[in-house]
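Hi,

Here is the structure I promised to pass on.

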Amino acid sequence: MANYRTVYDETTRTWHGPTVKHLFNPEASMGQIMLEVLSRSPDRVMQQDMDTGRSLTYAEFRTRLIRFAQNLTKVGLRPGEVVVLANANSENLAPLACALLTIGVPFNPLAPAFNEDDMENMLRTTKPKLVFADADNYEVVRKALERAVPRGDTLPPIYVFECTRDDVKHAEDFMKETGSEETFVAPYLGDSKKTVAAILCSSGTSGPHKGVQVTHAACMHMTLRTRFFDATPSVHFNFSALHWATGFASMLTPFFSGTIRLITRKSFSERQFLEAVEKYRVEAIFLPTAYSNAVMAHPRTKTADLSSLKIWMIGGSHVPEELRDRIDALLRPTGGRSVTTYGSSENGACAMDIPKRKPGATGPLMLNTMIRIVDENGNRLGVGKQGELLTKMSVEFGGYYGNEEASRNAIDSDGFFWTGDIGYIDEEGYLHVVDRKKDIFKYSGLQVVPTELEAIITAIEGVQEVCVVGIRNTQNATDVPAAVIVKRPDSKLDASQVRSIVDGQVSDYKRLRGGVHFLPELPKTQTGKVMRRKVIEMISRMNHNNAS
């Protein structure tokens, strides 16, 4: 890692991560590469299902992938048509998704717990040819589909995984033997930079989800981070289903690193996390900040056997230094550590502190990554100057599905993506992400950064989670800082204590004039990100009720 560093070009005011070429042919389609990899080590384990105890070897995965591809083609599915996958991580989901990649059918993975409105939004956007669901969300998917399809049009069929009902179509029907599995050849799909592989959902923290188009070339670029992992068959785990970029990337990672992907259909819980690490000797995990916080607050974590865990990756939102301190102290005796990452669905991972941890920093830039920082007028800024982050990969951003205007507005004239995040890069080339541009607010003309206040409050004894937002004060025509706190079990912390501690550490304009509120949990997306707009609505309701 000695030569892993960020390089700054002062002439163009652009930072560059290391430039590398992929080991595989970048012109190839993902299906061609995946089938080649699967054929080389037929007995190696690809996937482990912790819910059933069953595993899939490369040979078994390859056979199921091919049968899905052949049977889906037989029913008339064609390249360029879209398939929706509203599924949790079940045993046969990855073979299906990889089959769709192989035959050139873009898939749109949706969070299995989406409500009807979220499902309808994406179904209306992508207009799928086929839809796959699970037994426990079939009715939600069906109702959302009926709302999304114009009256008089034919509803696309819904196929359900792992379902015992007789009145639904079963996804496993596409796994029937064809008799021609061994003669199957993955087709070449054309220019990998233009061929869409998947349509991921944007975060949805500030409004309706958009469909982020990921090309086959972008998939190839996504797998470059596997260079940081050993080639031995170590076990990797996260709770993310395919709808989030980390879940999608974890499905592809075994093809390029030889790791074993551990899956569960279940949503996050501290118990499930500890069972995964202890029973299956997990070496690398990814958890969003909120989930990491919950694990560290759980009473059994201190006595659990986490000795196998070498990389605990955290991302998706601001990561408090205090949280990392606790994780590092827990893992350090057995050679493990925390790692932070920064990225987006649009451009993937942009920075990661694999080389070393630096307080307040996310890390140096990832491979083939470029970043510029601009002020409010679009002027480029230099080292240590704070502004909006613009990112660009060696592979171009694929745009938003069915939304040309949003696609154009998302990038500048040089193809750099407007992230909406505020940050800076220091003299060592480490990226520091300050906050979301839209989350920063002003009190009487002075800028308040929520993550700064959250870092102070997180360090208070008894705080498990916190979200700071700006609440409109109509009397003074300004926004005032307010905090919503989730206390740790048995904590006696009250609002006056929080106010006293915060007031003693911040300037007058940053004081919590909007109040300190306690809730049993914070509203989150399916990927564990706190939904600040929901928090604002909740505080507004509480303030209104108190006033009346």
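One term to start with: angles under 35 degrees count as roughly parallel, over 145 as roughly antiparallel, 65 to 115 as roughly perpendicular, and the rest as oblique. Bear in mind that this is a predicted model, where local features need pLDDT of at least 70, side-chain atom pairs count only at pLDDT 80 or more, and totals for chains, interfaces and linings use all residues. Residues are numbered from 1 along each chain as its sequence is written, and side-chain values use heavy atoms, with hydrogens and water left out.

Now for α1 and α7. They pack at an angle of about 55 degrees, with their axes 9 Å apart (axes are lines fitted to C-alpha atoms, for helices over the stretch in contact, and angles run from 0 to 180 degrees between N-to-C directions). So α1 and α7 are oblique to each other. Contact here means heavy atoms within 4.5 Å. Met30, Ile33, Met34, Val37 and Leu38 of α1 touch Leu252, Phe255 and Phe256 of α7. By class, that contact has eight nonpolar, no polar and no charged residues (Ala, Val, Leu, Ile, Met, Phe, Trp, Tyr, Cys and Pro count as nonpolar, Asp, Glu, Lys and Arg as charged, and the others, Gly among them, as polar).

The other pair is α4 (residues 116-126) and α5 (residues 138-148): their axes come within 8 Å and cross at roughly 50 degrees. These two are therefore oblique as well. Their contact includes Glu116 and Arg124 of α4 and Lys143 of α5, and it divides into seven nonpolar, no polar and six charged residues.

Cheers

Technical notes:
Helices (H or I, at least four residues) and strands (E, at least two) are DSSP runs, numbered from the N terminus.
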